[in-house]
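Dear colleague,

Here is the model you asked for. My notes on what was found in it follow below.

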Amino acid sequence: MFKNAIVRTPSRSMVDGITEADLGKPDYENALKQHADYIEALKECGLEVTVLPAVEEYPDSCFVEDPALMTPHCAILTNPGAESRRGEVAHIADAVKSFYDNVEEIKTPGFVEAGDIMMVGDHYYIGLSERTNQEGADQMIAILEKYGMTGSVVEMSEMLHLKTGLGYLEDNNLVACGEFLSKPEFQKYNLMEIDQNDSYSANSVWINGTVLVPAGFPETSALIEKAGYKVREVDVSEYQKLDGGLSCLSLRF
Ligand code: CIR
């Protein structure tokens, strides 16, 4: 069960965030409205939500999932592979430290963005992406092991972050699409296949028995409902324009 979430209000500069989506620039006012509904959804799942202020200097800073990993035993400040995002870590450090006594950090030449990390119980899958390198993954695994947890790396080549194409829904259920469907390490899970056309919705998020699913993907909502979960749709289309999904917008712990 999760108790808390941290989010950050998007900055006006978000319209200049990193993207390869080719969906046009986000509409800032609508992004704020969608963010408010996202916070509402987190609260409906029983989370206490800490809302950090916008940081204009960092256009991608609303995607708070990337600069920190929160585990039940410690928090790890990451070192984003995207240079323009590296300074986000210093901005989130105090909030992270206010919840954790044990705070570790990933150091250069290691790079990690925590959107590349998926938690399954005490085990953490770490995608080697353009943002997370082997050295960063090795540092992360060493930290996890220090606190009695484990980690392993996942090779990947098609997606921005590991969780762009994967979402663990607990109870052995794993929503997956594209290259992740055939990975040997995921075959032990009940793979719930997401069609390539709906790949954005693979980034669905389990929170205390409810699954947040991006609005606009009825087949994914139906698939997840059929598996016995309560579904809460959240419209995050303005964030999709920046390659950001539902999970990226919060730290849940
Ligand atoms: C970026 O490219 O870094 C942002 N525009 C999107 C980050 C999405 N975060 C995530 O998937 N965890």
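In this predicted model, an N or O atom in the side chain of Arg131 is 2.9 Å from an oxygen atom of the ligand. A polar contact here is a pair of N or O atoms within 3.5 Å. The ligand on its own has 350 Å² of accessible area, and the protein covers 99% of that (Shrake-Rupley method, 1.4 Å probe).

There are 14 residues around the ligand, and Ile18, Asp60, His161, Leu242 and Cys248 come nearest (a residue counts as near if one of its heavy atoms lies within 4 Å). By class, this shell has six charged, five nonpolar and three polar residues; Asp, Glu, Lys and Arg count as charged, Ala, Val, Leu, Ile, Met, Phe, Trp, Tyr, Cys and Pro as nonpolar, and the others, Gly among them, as polar.

On the fold: the protein has 15 strands and five helices (DSSP runs, E of at least two residues for strands, H or I of at least four for helices, numbered from the N terminus). Its C-alpha trace spans about 45 × 40 × 35 Å along the principal axes.

Two backbone details may be worth a look. The peptide bond from Thr108 to Pro109 is cis, with omega near 10°, and Pro109 lies in the loop between strand 5 (103-105) and strand 6 (117-120). Asp22 is not a glycine, yet has a positive phi of about 60°; Asp22 is in the loop between strand 1 (4-8) and helix 1 (28-44).

Residues are numbered from 1 along each chain as its sequence is written, and side-chain values use heavy atoms, without hydrogens and water. Local features need pLDDT of at least 70 and side-chain atom pairs pLDDT 80 or more, while totals for chains, interfaces and linings use all residues.

Regards

How values were computed
Polar contact = N/O pair within 3.5 Å; in protein donor to acceptor, adjacent residues only side chain to side chain.
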